[in-house]
Each structure stands twice: as C-alpha cells, then as structure tokens.
Amino acid sequence: MPEWLKLMVESLPPLLYAGLVFTVPLTLLSFAFGLSLGFVTALVRLYGPKPLADGFRFYVWLIRGTPLLVQLFLIFYGLPKAGIVFDPLPAAVIGFSLNVGAYTSEVIRAALLAVPRGQWEAAYSIGLTWAQAMRRTILPQASRVAVPPLANTFISLIKDTSLAAVLTVPEIFQAAQRIASVTYEPLILYTETALIYLLFSSVLSAGQQKLEARFGQHLHQAQETK
C-alpha cells in the first residue's frame, strides 16, 4: 500500500470521529437555533411594531455585512475583554446561529411575502385568527418556496463549521490540522478532509433533491384539487 494511502486510511477514523462528535452536532444545533431566530426575525420585521422591527433589521444588516470569521473572533476572543467568556463549542454555536438566523430570516421573509394576499383574506373569511391563518394557510404555502434556499443554507453551514477550528473546537478541520502537524503531510490530510466534506455535502444534496421533489408533488396535487 502506498504511504499516502496508508496515511489516509489511518487518519480516517479520527477525522470521522471529529465529524460525528463535533461537526454534525455543531451544524444541527446552529441550524436549529438559527432557523428559529430567523423565523422570529422575519415575523417581527413583517408584522411587528416598528421599533422592534428596526432592531431586527439592524441585526440582519450587521450580520450580513460582516464576515463570519470576524463574528466568531468577536464572540470568542473579543467578548472576554468585556467580561463575557464562552467555551469554544458554545461560542461557535452562538456565532453560527446568529449568522444563520440573519440569512434564513431573509429567506423566510421572502417566502411569506410570496404568498398572495388573497390567501390571508380567504383565511379570515372562514373565521380563522391571525395565528390560525399563519399556521394552517400561509406557512404551508411559504414552506414550498423556502425549502430549497434553506436546504442550501444548511449545506453551506456544514462546510462553514470548519471555521470553528480557529476557536479550538476539535471538529474535522482541526483534527486534520493536528494530524498534519505530526505527519508533516498537509496536502494528503487536507485533501482527505475536503473529500469528507464533499461526501457530507453530496449526501445532503441528494436529500435536498428528494425533499424538493416531495414538496413539488404535494404542490401539484394541491393544484389538481382546486
């Protein structure tokens, strides 16, 4: 067996371990928190009082206008100067969640605006409250619009988690850095790391296509019943 292949085989278990124990949970937690924050942000900006909506608008502007790496550095290395200290993993979750929240809020806001105003009027005409109309009529339609870009955001997030290495979170990329510092074979280790991320992204992309096909089928069926 060639030495480079032997190194890749030997380093695969610790890289996969780092991915399953740190990268995947970090991605899932950050996306769940970020999506929840994005949903609240979108609702407040569309239907909330103006002062509160302006506050959330400023949050979206700030996050979307600054690099994710800078945001992570501010949370982990900057906030301790103000007496606020986070461990590496919580700091990463907070940073990624804030970033995801800003971007998903724009996706959700656009999806809600894409639902015709007549759907609201139809829901009110049968006696539904605002909350009932949102839950039963608006969200099901908006979700069909929002699923593809939200899925893209999730796939991008699993790759962006490699930035957590700068916060000393022992995810896939930092595990590769540690092995490379001992073996002095960065090209082999980083190539293997890229292949692992490519595998994760490919699996998620396949799931995204199935999810989009399912939503498209439901939309077609709904249109046929009209």
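Reader: Is W120 buried or exposed?
Author: W120 is buried, at 4% relative accessibility. Buried means under 20% relative accessible area, exposed over 50%, and partly exposed in between, with a 1.4 Å probe and protein chains only. This is a predicted model: local features need pLDDT of at least 70, side-chain atom pairs count only at pLDDT 80 or more, and totals for chains, interfaces and linings use all residues. Residues are numbered from 1 along each chain as its sequence is written, and side-chain values use heavy atoms, with hydrogens and water left out.

Reader: And W130, how accessible is that?
Author: W130 is partly exposed, at 38% relative accessibility.

Reader: How many aromatic pairs are there?
Author: Nine. Rings of Phe, Tyr and Trp (its six-membered ring) pair if their centres lie within 6.5 Å; planes under 30 degrees apart count as stacked, over 60 as edge-to-face and the rest as tilted.

Reader: What is the geometry of F73 and Y77?
Author: Their ring centres are 5.0 Å apart and the planes sit at 40°, so the pair is tilted.

Reader: Where do F73 and Y77 lie?
Author: Both are in helix α3 (residues 68–78), four residues apart, about one turn of the helix. Helices are DSSP runs (H or I, at least four residues), numbered from the N terminus. F73 is partly exposed at 37%, and Y77 is partly exposed at 40%.

Reader: Back to the tryptophans. How do W120 and W130 pair?
Author: They are stacked, 6.0 Å centre to centre, with 25° between the planes. W120 is in helix α5 (residues 117–125) and W130 in helix α6 (residues 130–160), so the pair ties together parts ten residues apart in sequence.

Reader: Which residues form the cluster?
Author: Y47, W120, Y124 and W130 form one aromatic cluster.

Reader: New topic. At what angle do α3 and α4 pack?
Author: About 140°, with the axes 9 Å apart; α4 covers residues 88–114. Axes are lines fitted to C-alpha atoms, for helices over the stretch in contact, and angles run from 0 to 180 degrees between N-to-C directions. That makes α3 oblique to α4. Under 35 degrees is roughly parallel, over 145 roughly antiparallel, 65 to 115 roughly perpendicular, and the rest oblique.

Reader: Which residues touch T41?
Author: F56, Y59, V60 and S105, not counting residues up to four places away in sequence. Contact means heavy atoms within 4.5 Å. T41 sits in helix α1 (residues 3–47).

Reader: What is the relative accessible area of T41?
Author: It is 0%, so T41 is buried.

Conventions
Helices (H or I, at least four residues) and strands (E, at least two) are DSSP runs, numbered from the N terminus.
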